[in-house]
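This report is intended for a reader who is meeting the structure below for the first time.

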Amino acid sequence: MGVDIRVENLNAWYGPVHTLKDVSLHIRANQCTALIGPSGCGKSTFVRCLNRMHETNPIARAEGSVRMGELDVYHDASPVEIRRRVGMVFQRPNPFPSMTIYDNVASGLKLNGYRKRRVLDEVVERSLKQAALWDEVKDDLKKKSGASLSGGQQQRLCIARALAVDPEVLLMDEPASALDPVSTAKIEDLIFELKSQYTIVIVTHNMQQAARVAERTGFFLMGRLVEFDATDKLFTNPSDKRTEDYITGRFG
Amino acid sequence: MTQSSPVSLPPPVVSSAPASSEQPNPVTPPPSEIRRFLQARSSGRWADGSFGGLMLMAALSIFVIVALILWVLIHDSQMSIHAFGWKFFKGSNWDPVNGSFGALPFIYGTVVSSFLALLMAVPLALCVAFFVIDICPPRLRGPIAFLTELLAAIPSVVYGLWALVVLVPIVRDQAGPVMEKYLGWTGLFAEPNFGVGMFTASVVLAIMIFPIICSISRDVMKAVPIHQREAALALGATRWEMLRIGVLRNARIGIVGAVILGLGRALGETIAVTMVIGNHPDILKNLFSPAYTLASVIANEFTEATGDLYVSALIEIGLALFLVTIVVNAIARMLVWAVTRGQSARVA
Amino acid sequence: MGGDTRAVGEGRMTRALPERSEHLERAIRIRRSLTNHLVTGLAILSTMIVLVPLVAILGYLIYKGASSLNLAFFTHIPAPVGEPGGGMANCIVGSGIILAVASVIGVPLGIAAGVYLAEYGRGGWMGTAVRFTADVLNGVPSIVMGIAAYGLIVVHYKFSALAGGVALAIMMVPTIARTTEEMLATVPHMLREAALGLGIPKWRTILSVSLRTATPGIITGCMLAFARVAGETAPLLFTAFGNNFWSFKLTQPMAALPLQIYVYALSPYDEWHRLAWAAALVLIVLIMLSVTLVRLYASRGTIKGGH
């Protein structure tokens with residue numbers, strides 16, 4: 001099941017640019033937390049700092065404390081070990097084109113050395129069912145390549161791939177922004193189903209989406225966390241004027 | 001920055017999650033087999049390091065290759081360098097049998113044949129490049145590019161064979177007499193003409209370097225942003241003017257680079273030239289007379305070279321050839337890179 | 001450009017404009033148009049001129065080669081000097097062996113160097129230096145590679161297939177490194193991110209995601225390099241040296257197709273000339289096949305297909 005995430009005084013830089021400034025928050029376990037804000041406000045950077053993905057960029061740097069459950073993300077484990085506990089779904093669907101659907105879902109396990117066929121079969125089936133993709137692909141698991149599916153299906157495949165490793169946390173960076181409305185709705189339903197089992201953090205441009213799926217929402221502006229509250233309260237009665245301006249569409 | 005109060009609020013109306021989602025799970029289920037497996041795996045830092053190290057060594061092997069080549073060339077030419085010094089490249093008498101090693105005829109042969117080849121190939125290559133990027137109907141572009149590629153893929157020895165059997169008789173019996181008649185006043189085209197000689201070699205060289213000059217010029221011209229061309233057209237330029245102003249002016253540097261690359265190729269071309277140049281170390285004005293190039297003398301005489309000095313002299317020629325082509329190619333690559341920003345890795 | 005004069009003329013200044021200006025304007029236009037047509041014609045002409053040697057060479061080659069080709073070519077070794085018949089079976093096998101040696105050394109080194117350039121050396125000075133050196137090395141005359149292999153191996157161990165293989169290998173490495181790098185660069189960065197996000201270590205990501213996705217392009221790059229060295233004669237002149245008999249030993253001189261063509265073409269015997277043409281045809285066909293295959297891939301957009 002999920003763990004909670006405590007972030008304290010997180011600062012991040014891309015080269016000389018200070019992209020995150022003193023961000024602190026507590027993401028509760030088994031909930032869905034949404035992060036909203038205008039483009040470039042740092043919400044994607046924040047999420048990438050949670051599983052140390054920002055380190056894939058050589059000029060990126062972060063300071064501060066991030067704890068996942070009992071684990072200090074930056075000091076108790078290597079980036080690879082952290083990322084094995086955290087599932088990530090990206091803005092654009094990115095299944096591996098040179099692998100079948102089966103291999104895509106199982107990639108987090110197979111490429112980390114897991115060999116037991118029967119367990120893999122079960123995991124693949126379970127993950128695809130969780131991602132609501134099983135019925136559509138169950139006959140083509142080992143015949144079709146991951147890239148031969150439609151956009152919405154590919155994204156659900158990526159979600160299945162992330163779930164297959166049984167993560168404690170699921171990070172989603174604008175998972176539906178590249179998809180059509182029908183696929184978007186399917187993914188939102190998915191998040192709804194999943195959030196009782198995992199801790200989900202979702203970055204979104206779409207405020208209605210945040211309102212639909214998340215219990216708590218954080219509003220980022222220019223690298224700072226401006227407000228973090230229960231979704232309902234944030235949208236109907238925000239405490240900060242800047243939040244109110246963003247929500248009513250005055251900018252962004 | 002506001003934080004919500006620690007007291008858990010009633011769940012929002014929109015969410016249909018059960019009330020218990022706000023409270024911590026009373027019993028944390030044990031981690032699954034998958035989780036246990038993954039968490040037990042090592043972070044692979046050692047494997048990452050070794051792999052990266054291996055790749056680095058492979059990349060360094062390229063430097064090692066250059067170093068090895070240089071070492072062999074310098075080390076094995078020492079004897080000749082000590083014996084002759086700079087006179088080696090100023091002497092025009094190459095007579096190893098009598099101990100005379102003058103490399104000037106080869107320099108002459110290499111320079112003149114390459115220069116003539118460029119003279120013939122560059123205008124043609126530019127015209128064809130011009131044709132392909134602008135005039136040519138789109139359907140023909142693929143086939144023409146394919147044909148150019150075929151020309152580039154033909155091995156040197158096959159060019160030589162063809163030239164020996166087809167080109168040499170033409171130069172000796174048909175083209176030669178005509179050129180002597182009308183251009184003989186220049187002193188460049190005279191008897192004796194046996195077919196093999198500087199002129200034939202230059203023609204073969206021209207055919208061989210044409211593809212690379214043409215395709216790199218094409219790349220370079222294509223790399224010029226299209227709005228340059230559009231701007232010229234919008235001002236009322238004719239097709240040629242659009243090319244001249246919109247493309248050539250910007251691509252000048254790259255085209256010079258392409259030409260120099262062709263030069264580099266011509267300087268080092270060995271087999272086809274050896275087969276039709278006559279292999280005679282003389283410096284003569286008559287372009288129909290046999291000549292000799294730096295690469296040809298090595299190809300021709302290396303296996304029969306008697307005595308260490310002879311071999312060493314040939315290796316010294318190899319060293320000169322190596323250094324010259326490295327410098328020429330380096331300059332050319334820098335020029336081409338300046339225009340195309342290193343996008344293409346044309347390797348032929 | 002003189003297009004405006006008339007517009008001005010239609011304004012207030014009609015009476016002030018001399019006749020000469022219109023002449024000049026027309027003359028300029030005619031000259032521009034002529035130049036344009038001249039250059040266009042020149043371009044078309046050049047293209048046709050260029051196609052002539054290509055057609056001539058290929059056509060003649062096929063004509064002479066096909067008439068000389070017979071079964072004996074593929075099954076017999078060269079006959080003694082002056083005698084008719086014989087073939088180049090040992091040369092075909094010899095070329096195969098030398099190329100195999102070259103590939104075993106050159107392909108892994110080249111691909112690994114390409115992996116370094118694409119995955120580790122993108123921005124730094126080391127990557128730039130390696131890239132530049134590889135490009136420059138590609139322009140070095142192949143006979144120099146032969147000298148290098150001679151000095152390193154032949155001097156100690158005599159003429160051998162191994163030396164020939166090494167000479168060809170050092171030609172393959174820079175070529176394959178650059179094409180591998182190009183192909184890996186076409187793999188979208190997103191895919192690497194997806195793999196890293198799953199906790200897959202970098203080395204595994206490179207092997208199972210980057211290389212696996214770029215495999216078709218990398219293979220065609222290797223084929224291009226292979227085709228290029230398959231036709232090389234100069235590096236083998238004093239390394240593999242050639243052999244008129246069957247030989248399979250790596251430490252002995254070995255026959256090779258291009259070498260034999262060279263020797264036979266320069267000889268005075270008609271029979272040998274005939275064999276040279278046949279061999280040239282076989283060589284060309286093999287190389288053309290590779291080039292055509294590469295072109296097919298190029299049209300699918302997998303590789304920027306050469307010229």
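This is a predicted model: local features need pLDDT of at least 70, side-chain atom pairs count only at pLDDT 80 or more; totals for chains, interfaces and linings use all residues.

## Helix α6 of chain A

Just after α6(A), A:Asp166 adopts a positive phi of about 50°.

## The contact between chains B and C

Chain B contributes 78 residues to its contact with chain C, and chain C contributes 81 residues. On the side of chain B, helix α2 (residues 45-76) supplies the largest share, 19 residues. That side of chain B comprises 55 nonpolar, 17 polar and six charged residues.

Helix α2(B) packs against helix α6 of chain C (residues 142-157) at an angle of about 75°, and their axes lie 9 Å apart. Since angles of 65 to 115 degrees count as roughly perpendicular, α2(B) and α6(C) are therefore roughly perpendicular to each other. From α2(B), the residues B:Leu68, B:Ile69, B:Val72, B:Leu73 and B:Asp76 take part; they meet C:Val144, C:Ile147, C:Ala148, C:Gly151 and C:Leu152 of α6(C). By class, this contact of α2(B) with α6(C) has eight nonpolar residues, one polar and one charged.

| Contact of α2(B) with α6(C) | eight residues | one residue | one residue |

## The domains of chain C

The domain assignment divides chain C into domain 1 (4-68) and domain 2 (71-299). Taken over C-alpha atoms, the centres of domain 1 and domain 2 of chain C are separated by 44 Å. Their contact takes six residues from domain 1 of chain C and seven residues from domain 2 of chain C.

## The residue B:Asn279

B:Asn279 is placed in the loop between α11 (271-276) and α12 (294-301) of chain B. This residue, B:Asn279, counts as buried because it has 20 C-beta neighbours inside 10 Å. Leaving aside neighbours within four places in sequence, B:Asn279 is in contact with B:Thr274, B:Pro290, B:Tyr292, B:Ser296 and B:Asn300. B:Ala129 lies 150 residues from B:Asn279 in sequence, and the two are 34 Å apart in space, C-alpha to C-alpha.

Definitions and conventions:
Residues are numbered from 1 along each chain as its sequence is written. Chains are lettered from A and ligands numbered from 1 in the order in which they are written. Two residues are in contact if their C-beta atoms, placed from the backbone, lie within 7 Å. Helices (H or I, at least four residues) and strands (E, at least two) are DSSP runs, numbered from the N terminus. Ala, Val, Leu, Ile, Met, Phe, Trp, Tyr, Cys and Pro count as nonpolar, Asp, Glu, Lys and Arg as charged, and the others, Gly among them, as polar. Axes are lines fitted to C-alpha atoms, for helices over the stretch in contact, and angles run from 0 to 180 degrees between N-to-C directions. Angles under 35 degrees count as roughly parallel, over 145 as roughly antiparallel, 65 to 115 as roughly perpendicular and the rest as oblique. Domain bounds come from an automatic or database domain assignment. A residue is buried if 20 or more other C-beta atoms lie within 10 Å of its own, exposed if 12 or fewer, and partly exposed in between; C-beta atoms are placed from the backbone.
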